Amino acid sequence: MRALFCAICCFFLSSSIAFSQNSPDCRTAIPVCADMFVDAESDGSGDIDDFDPMVITQSGCLEKGSVASANIENNTSWFVFRAGTDGQIGFDIQSFPVSGTVVTSELDFALYGPFDETSGQNFCTLVGNGSAQPIRCNYEVNDTHHTGIGVNPVDGRVGAPFVVGSQNTYDEYIDVIAGEIYYLFINNYNTNFNGDPEPFQIRFTGSSVDDDQNTALDCTLRDEFLGLDIIACEGDPDIVLSALNSPAGPNIANITWELDADDDGTYETVLATGAGQTEWTVTSPNSGRYRVTIETTFATVITDDILITFYPTPTPADIDIVVLDDFVNSDQTDPYNVEFVPVGNGNYEYSLNGGDFQTDPIFLDVPPGMNSVVINDVNGCGTSEPIDFLVVGYPKFFTPNGDTFHDFWNVEGVDQLDNPRIFIFDRFGKLIKEFPTNTAGWDGTFNGRDMPSSDYWFRLDYDRDDNGVVVARSVRRHFSLVR
């Protein structure tokens with residue numbers, strides 16, 4: 001649960017310009033609102049690759065350089081906002097000089113969304129792996145030092161879909177629906193290369209802002225200054241949480257970081273305390289809810305918490321394979337159905353025998369015999385090796401033509417049954433074959449002669465333990481011999 005306690009928040013929020021902020025990591029994107037200008041700075045790309053430079057070479061209009069080690073990102077800043085009302089939203093991004101009057105930065109941007117906060121999706125993973133492409137994007141250059149969505153306030157040029165060489169640094173307004181989440185990614189490719197942070201400012205525009213700048217975006221998101229809850233993968237880069245993005249800014253008397261490892265409401269561990277503890281680094285695989293309590297120099301208290309969950313690459317131990325229907329597990333002997341039940345809190349999709357992945361864990365009409373399932377973590381944390389499992393049942397046809405494929409008919413997995421006995425009949429009820437279950441099965445002959453293509457019947461007798469009572473079972477079904 002997020003909370004913001006501040007007796008003089010009106011002091012922090014009444015200012016028309018927020019203090020300078022920056023996050024080079026999508027996972028800790030800074031929540032912003034439309035009721036004030038957002039002062040920020042590009043101060044280096046950091047060590048976070050939101051886009052794998054060896055995999056993702058383009059995201060919308062943004063492309064990596066021709067050098068192999070280049071990346072889409074350079075002096076990156078990430079912001080996140082939530083639509084407060086239905087309507088139209090835009091923004092201006094204005095570059096400022098580090099000192100004097102010469103602007104050295106050149107800002108590009110990409111806007112991703114809309115995302116549904118209730119979906120449980122890992123938005124930054126979707127952005128980073130290319131699944132989510134920007135809905136607005138621009139890297140054009142002109143001499144106004146402005147870029148964004150809407151109308152350039154300097155030359156009045158109206159935003160349009162991005163065209164290389166147009167020198168229009170603005171894209172079109174977006175229509176939003178209340179509650180939608182958007183991520184704003186800002187790059188500075190024309191850095192001064194001397195390490196000095198280069199300032200810029202974001203100002204939100206559009207008809208929704210004109211109507212009411214206090215409600216156009218949901219400003220309660222800004223109370224979550226640690227960012228939205230984070231889904232990460234074991235082995236991911238460290239996550240740096242910052243107390244400096246709170247409404248207190250640098251006006252800090254003391255900071256306390258705590259951990260609720262089980263997310264059960266009890267913060268059992270004090271991680272750090274002191275006025276200088278402005279950041280806390282979370283390393284994999286230390287999942288839990290992290291809370292920061294800030295005592296300001298104005299004798300007020302601000303607090304926020306964030307849930308960080310690290311997921312491993314799936315393994316066979318992460319699911320139980322439940323064969324719902326086969327000769328062993330139910331009275332239903334055809335079709336055969338299987339359910340994959342996650343162990344723990346994994347979020348998976350499943351591929352059966354090399355087929356398409358599906359999130360529904362129940363598979364119907366599974367073939368008898370050995371099958372395999374592959375588990376994919378939908379958070380982007382990897383895919384398991386194929387996991388084999390057995391369904392005890394019978395094939396509906398066989399083709400005894402000597403090509404080594406389906407040359408024998410037998411009950412698949414019959415050795416898993418107690419005291420099994422198999423009898424083969426032709427369609428007139430004549431007994432053709434009775435065979436022990438430790439053989440390859442019936443080869444389609446009778447007294448050394450090939451039997452014709454036709455339907456044949458079988459009877460399988462076996463014992464089954466039903467709740468401690470051994471019950472004799474007999475299954476009668478038909479199958480096809482195809483030549």
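Let me begin with Asp325, which is buried, at a relative accessible area of 13%, where buried means under 20%, exposed over 50% and partly exposed in between, with a 1.4 Å probe and protein chains only. Please keep in mind that this is a predicted model, in which local features need pLDDT of at least 70 and side-chain atom pairs count only at pLDDT 80 or more, while totals for chains, interfaces and linings use all residues. Residues are numbered from 1 along each chain as its sequence is written, and side-chain values use heavy atoms, with hydrogens and water left out.

Asp325 belongs to strand S21, residues 319–325; strands (E, at least two residues) are DSSP runs, numbered from the N terminus. The side chain of Asp325 makes a polar contact of 2.8 Å with that of Asn337, a polar contact being a pair of N or O atoms within 3.5 Å, of which, within protein, one must be able to donate a hydrogen and the other to accept it, and residues adjacent in sequence count only if both atoms are side-chain atoms.

Now to the sheet, which is open and antiparallel, with 3 strands in the order S21-S22-S24; two strands pair if DSSP finds at least two bridges between them. S21 and S24 (362–363) are at the edges, each with a single partner strand, so one side of each has no neighbour in the sheet. Between S22, residues 337–342, and S24 there are 2 bridges in the antiparallel sense, and Val338 has Phe363 in S24 as its bridge partner.

Terms used:
Helix = DSSP H or I, 4+ residues; strand = E, 2+ residues; numbered from the N terminus.
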